[in-house]
Amino acid sequence: MMSEKPLSTRQQKILQFTQGYMDENGRPPTIREIGKAVGINSTSVVNYNLGKLEEKGYLDRDPDVSRGLRLTEKAGAFSNSVNQATAAVRNAVERLIKIPLAGDIVAGKPVMTGNDTFGTYDEEDAVELSRAMLSEKPEGLFALRVRGDSMIDAMVNDGDIVIMKPQYEARNGDMVAVWLRNDTTTLKHFYNEGHQIRLQPANPTMDAIYVDPAEVQIQGRVLMVLRQAP
């Protein structure tokens, strides 16, 4: 047995408009009202599509009555499925948040930036995440793309994206983005050793960086790493 041909986009629009119109007004729309609502100028084209909907069991028509349309239970089931799908999409979108992609962060030797922000990306660049993935409130969070491999033993590879929480202090062992006073930036584990700050890579082939505490500006702590496909 052949499966029923799915409704065309026009037929779906006609059905949805008719259902909404009847819910709001308590009566069916006219042919011209349907055509205007769904962008069909020809009443014969509207009639053709209504005929197809009738053939498929979505409505009954009385040709002798101006508003002689009656939606069937099948049409009601279609409207319910559309509403459920729409609600599911809306809920999924509402659960997503956009984290601005502020720029790049070097996981290697500190690199000269020539400015004091990460802002190398367009303001519309962003990473979309589900709220359920975050343990922190999303306000103020930002994302950085990692360049380099000094943090590979911390499961942070070149090209990965780190989600950052803005903060200007850190505890020993935190993975942080730091600016150094000579306009360089890097991503490292932070250790305050009193007279100096140790910026420790997570790569046994690389040496720690030692700097005067006055030279270090912490910009944020890593909350999450988004692995990028190779």
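A salt bridge is a side-chain nitrogen of Lys or Arg within 4 Å of a carboxyl oxygen of Asp or Glu. The structure examined here is a predicted model, in which local features need pLDDT of at least 70, side-chain atom pairs count only at pLDDT 80 or more, and totals for chains, interfaces and linings use all residues. Residues are numbered from 1 along each chain as its sequence is written, and side-chain values use heavy atoms, with hydrogens and water left out.

A search of the whole structure finds 5 salt bridges. One of them joins E55 to K52, with the closest N and O atoms 3.9 Å apart. Both residues lie in helix α3; they are 3 residues apart and therefore separated by about one helical turn. Helices (H or I, at least four residues) and strands (E, at least two) are DSSP runs, numbered from the N terminus. Exposure was classed by relative accessible area: buried means under 20%, exposed over 50%, and partly exposed in between (1.4 Å probe, protein chains only). E55 is exposed, at 62%. K52 is partly exposed, at 25% relative accessibility.

Another salt bridge is formed by the side chains of R147 and D104 (3.6 Å, N to O). This pair links distant parts of the chain: R147 belongs to strand β6 (residues 142-147) and D104 to strand β3 (residues 96-106), 43 residues apart. R147 is partly exposed, with a relative accessible area of 36%. D104 is also partly exposed, at 29%. R198 and E193 form a further salt bridge, and their closest N and O atoms are 2.6 Å apart. Here R198 is buried, with a relative accessible area of 18%, while E193 is partly exposed at 31%.

K56 sits in the loop between α3 (43-55) and β1 (59-61). Its relative accessibility is 16%, so K56 counts as buried. The side chains of K56 and Q11 are joined by a polar contact of 3.3 Å. Such a contact is a pair of N or O atoms within 3.5 Å; within protein, one must be able to donate a hydrogen and the other to accept it, and residues adjacent in sequence count only if both atoms are side-chain atoms.

In soluble globular proteins, nonpolar side chains tend to be buried together. A nonpolar core is a set of buried Ala, Val, Leu, Ile, Met, Phe, Trp, Tyr and Cys residues joined through side-chain atoms within 4.5 Å. The largest has 15 residues, of which I14, L15, I34, L50, L53 and Y58 touch the most other members. Two or more residues each come from α1 (9-25), α2 (31-38), α3, β2 (69-71) and α4 (73-95). The most come from α3, which gives 3. Leaving aside neighbours within four places in sequence, L50 is in contact (heavy atoms within 4.5 Å) with I14, I31, I34, L59, R61 and L69. A second, separate core has 14 residues, including I105, V162, M164 and V222.

Strand β8 (residues 175-180) is largely enclosed by the rest of the structure, because 6 of its 6 residues are buried. Both faces are covered, with M175, A177 and W179 on one side and V176, V178 and L180 on the other. Two strands pair if DSSP finds at least two bridges between them. β8 runs antiparallel to strand β9 (residues 184-192), and 6 bridges join them. L180 stands opposite T184 in β9. The hairpin of β8 and β9 has 3 residues between the strands, and D183 there takes a positive phi near 65°. β8 also pairs with strand β12 (residues 216-226), in the antiparallel sense, over 5 bridges. In β12, R221 is the bridge partner of V176.
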